[in-house]
Amino acid sequence: EGVQPQDYVLIKMEVLPPFTGKMKALEGKRVFLAAATLRPETMYGQTNCWVLPEGKYGAYEVNDSEVFVLTARAALNLAYQRLSRVPEKPTCLVELSGQDLIGLPLSSPLSFNKIIYSLPMLTILTDKGTGIVTSVPSDSPDDFMALQDLKAKPALRSKYGVKDEWVLPFEVIPIIRIPEFGDKAAEKVCTDLKIRSQNDKEKLAEAKRLTYLKGFTEGTMLEAKPLIRSALLAGGAAVMYSE
Ligand code: A2H
C-alpha cells in the first residue's frame with residue numbers, strides 16, 4: 001500500500017432478489033456488492049462485476065437496512081469511516097466465498113444493462129479496495145481480458161459454474177474515445193499487443209500504461225445525449241414515443 005491514502009468511489013451494485021443459498025440469511029435487507037473504482041466516469045460501460053473465486057468476503061451491516069459485501073479488511077476500514085451500523089466495529093451477518101457470489105444478478109446505478117452478473121477474475125488482490133471490482137471492458141485491459149477469457153473458454157466457465165447467459169450476451173460498450181485507440185481502447189490495445197489471457201501480466205501492465213496515460217490526457221467522453229437515452233431505455237426507465 002502507498003504512503004498516501006487512495007480515494008476510491010465505492011459503486012453499490014444491488015443484489016436482486018430472490019436470495020438463495022447463503023444469501024437467504026440476508027432476506028429483507030438491501031444487499032450491495034461494493035466495488036472500489038478510480039474511474040466512476042466509466043460506469044455506463046459496466047458489463048459485469050468481478051470477484052476472486054477463492055477470496056473471503058462477508059456481508060457487513062452498513063446501517064439498519066443496508067448491507068455491503070466486501071472483504072473483512074475493507075469492512076474494518078469502512079467502520080472507521082462511519083459506514084458500519086456499529087461505529088468502529090464491523091458486524092458480519094454471513095461469511096461468503098467469492099465462489100458463493102458468482103452468478104448473483106446485480107443492478108448497477110448507471111449500467112446500460114439492467115441486470116449484470118458477478119463473475120470470476122483470477123487476478124484480484126484481496127488487500128486492495130474491497131476485493132470486488134466493477135468491469136468496464138471498453139476501458140480496462142484487465143477487465144477486457146478477463147471477460148474475453150470467460151467468453152472464449154467454456155472449460156473456464158464450467159470450472160466456476162458460470163452460465164453462458166451471464167457472459168455471452170454482454171458486449172463491450174464504447175463510452176470514451178482516445179484518438180489513437182478509438183472508442184474501445186482496451187480491446188484495441190489488447191489485440192495490438194497480442195495479449196492471450198488475464199494472466200499475461202507483463203503485457204497487461206504495458207496495455208494499462210498505454211490506455212491510462214492516453215485516456216487521461218486525450219480521452220473524451222462520447223456525447224452524453226445518446227448515452228443517457230440508451231441507458232434509460234435499456235434500464236426500462238423510459239420508452240420511445242413519437243407523434
Ligand atoms: B478501476 P490502483 Cl475502466 N484487485 O475501475 C485488482 N484490481 C482492483 C482491485 C483489486 N482488489 N480493486 C480495484 N481494482 C481496479 C474501473 C477502471 C479502473 C477502468 C480503468 C482503469 C482502472 C473498472 N474496472 O484502474 O492500484 C479497479 O479498476 C486503473 C488502475 O488502486 C480500480 O479502478 O490504482 C483500480 O484497479 C484501482 O487500482
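This is a predicted model: local features need pLDDT of at least 70, side-chain atom pairs count only at pLDDT 80 or more; totals for chains, interfaces and linings use all residues.
A polar contact is a pair of N or O atoms within 3.5 Å.

Which residues come nearest to the ligand? There are 17 residues around the ligand, and Tyr-8, Thr-37, Leu-125, Lys-128 and Asp-143 come nearest.

Now the polar atoms. Take Leu-38. One of its backbone atoms, an N or O, sits 3.1 Å from an oxygen atom of the ligand. Next, Leu-125. Here a backbone N or O atom lies 2.6 Å from a nitrogen atom of the ligand. Then Asp-143. This time the side chain is involved: a polar atom of it is 2.7 Å from a nitrogen atom of the ligand.

How much of the ligand does the protein bury? Taken alone, the ligand exposes 700 Å². The protein buries 84% of that.

On to the helices. Two packed helices are described by two things: the angle between their axes and the distance between the axes.

Look at helix α3, residues 141-152, and helix α6, residues 201-218. They pack at an angle of about 130°, and their axes are 9 Å apart. That angle makes α3 oblique to α6. Who makes the contact? From α3, we have Pro-141, Asp-142 and Met-145. From α6, we have Leu-204, Ala-207, Lys-208, Thr-211 and Tyr-212. Sort the contact of α3 with α6 by class, and there are five nonpolar residues, one polar and two charged.

α3 has another partner, helix α5, residues 185-192. The axes of α3 and α5 come within 8 Å and cross at roughly 75°. Angles of 65 to 115 degrees count as roughly perpendicular. So α3 and α5 are roughly perpendicular to each other. α3 brings Pro-141, Phe-144 and Met-145 to this contact. α5 brings Ala-186, Glu-187 and Cys-190. By class, the contact of α3 with α5 has five nonpolar residues, no polar ones and one charged.

Last topic: the backbone, in two loops. Start with Pro-18, in the loop between β1 (9-15) and β2 (30-37). Is the peptide bond from Pro-17 to Pro-18 cis or trans? The bond is cis, with omega near 5°.

Then find Arg-82. Its place is in the loop between α1 (72-79) and β6 (92-97). Arg-82 is not a glycine, yet its phi is positive, about 65°.

That's my tour. Over to you.

Definitions and conventions: Residues are numbered from 1 along each chain as its sequence is written. Side-chain values use heavy atoms; hydrogens and water are left out. Axes are lines fitted to C-alpha atoms, for helices over the stretch in contact, and angles run from 0 to 180 degrees between N-to-C directions. Helices (H or I, at least four residues) and strands (E, at least two) are DSSP runs, numbered from the N terminus. Angles under 35 degrees count as roughly parallel, over 145 as roughly antiparallel, 65 to 115 as roughly perpendicular and the rest as oblique. Contact means heavy atoms within 4.5 Å. Ala, Val, Leu, Ile, Met, Phe, Trp, Tyr, Cys and Pro count as nonpolar, Asp, Glu, Lys and Arg as charged, and the others, Gly among them, as polar. A residue is near a molecule or strand if one of its heavy atoms lies within 4 Å of it. A polar contact is a pair of N or O atoms within 3.5 Å; within protein, one must be able to donate a hydrogen and the other to accept it, and residues adjacent in sequence count only if both atoms are side-chain atoms. Accessible areas come from the Shrake-Rupley method with a 1.4 Å probe; for residues, only the protein chains shown count as cover.
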